[in-house]
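Here is a short tour for someone meeting this structure for the first time. Have a look at the picture, then read on.

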Amino acid sequence: MLSGAAVVTTLQILAVVGCILTSAKLFATKLSKKYRILFAYLIFRSILTCIFLSLSDVSSQLYLKVWIVTEPFVWLFYALLVRELYSLVLERHRGLYTIGRWFLYAGMSVSIFISALTFLPHIHRGISQRSAVLGYYMAVERGIDFSLLIFLLLLLFWLTRYPVPLSRNVLVHGAAYSIVFLSGSVGVFARAALGLQISGAVNTFLMGVFPACVLIWLLFLTPKGEEVQMSIPHFSPEQEKRILSKLDSLNETLLKATRK
């Protein structure tokens, strides 16, 4: 039976291989031009995982320094991936996209600020620099994850209410990334609620979820998937036409308002 360290290493290797294969497929099929952030994220994630694989001692100062430097890039990719998914969903409704983007930025800023404030009462004299840095990073990560989580859930709820035609690739991408991000958010809040002593178990769980989602991207993102149009809720043709007409009218109104 594999030890805990061997399981983690195996999952990391699977993640690297999956990211390389998926990014290569996206490039070969030219889907990387449409899913640019996903393509860049897979390359970044494969490089980052290789770096951490080479740093066997997770308690070393070097490991901590690499984590401190690279973690903000992970946050940035999370935000950009949500924005890319949101942009793909509302590709035909730019007015709604513009308004929603403003709410996303404002919500993220407020959430990070509030999360950082919640950490301030825990700062006291004598606290180590390492603990202070980890505390601030956890506070910022909590704020980013919370705001993106709310935005992503609202987007998924909106998709279940309106019969917006989307390519099968967009739905596959949305499902896979939602699993990655939702599991990551659960991990962040679990560590915040139960303490850092469960970090090992949480990280192992997340390392198992990520390769599974990469496999979904690898298998189901195809050129043909761009041509297949689907919608999540199923209405009669008359209802669908009426709902989409109202949605188009709202989009036009918002588009005119943003141009003034």
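Is K30 buried or exposed? At 58% relative accessibility, K30 counts as exposed, where exposed means over 50% relative accessible area, buried under 20% and partly exposed in between, with a 1.4 Å probe and protein chains only.

## Before you start

This is a predicted model, in which local features need pLDDT of at least 70, side-chain atom pairs count only at pLDDT 80 or more, and totals for chains, interfaces and linings use all residues. Residues are numbered from 1 along each chain as its sequence is written, and side-chain values use heavy atoms, leaving out hydrogens and water.

## The whole chain

The protein chain has eight helices and two strands. Both kinds of element are DSSP runs numbered from the N terminus: helices are H or I with at least four residues, strands are E with at least two. Starting at the N terminus, the order is α-α-α-α-α-β-α-α-β-α.

Of the 260 residues in the protein chain, 43% count as buried. Take the contacts between residues at least 6 apart in sequence: 81% of them join residues at least 24 apart. Contact here means heavy atoms within 4.5 Å.

K30 isn't a glycine, yet it has a positive phi of about 65 degrees.

T29 is in the loop between α1 and α2 too, and it is partly exposed, with a relative accessible area of 26%. In sequence, T29 and L221 are 192 residues apart, but C-alpha to C-alpha they are 9.6 Å apart in space.

## Helix α2

Helix α2 has 19 residues and reaches 28 Å from its first C-alpha to its last, close to the 27 Å expected at 1.5 Å a residue. That expected span is 1.5 Å times one less than the number of residues. The buried residues of α2 are L38, F39, Y41, L42, F44, S46, L48, T49 and F52.

Let's pick out S46 from that list. S46 is buried, with a relative accessible area of 9%. Leaving aside residues up to four places away in sequence, S46 touches V16, C19 and I20.

Helix α7 has 22 residues, and from first C-alpha to last it reaches 32 Å, close to the 32 Å expected. Its buried residues include V209, F210, V214 and W217.

How do the two helices meet? The axes of α2 (residues 36–54) and α7 (residues 199–220) come within 13 Å and cross at roughly 140 degrees. That makes α2 oblique to α7: under 35 degrees counts as roughly parallel, over 145 as roughly antiparallel, 65 to 115 as roughly perpendicular and the rest as oblique. Axes are lines fitted to C-alpha atoms, for helices over the stretch in contact, with angles running from 0 to 180 degrees between N-to-C directions.

Which residues make the contact? From α2 they are L38, Y41, L42 and R45, and from α7 they are F210, V214 and W217.

## A look at I68

I68 lies in helix α3 (residues 61–89) and is partly exposed, with a relative accessible area of 22%. Not counting residues up to four places away in sequence, I68 touches V133 and Y137. I68 and Y137 are 69 residues apart along the chain, and their C-alpha atoms are separated by 8.2 Å.
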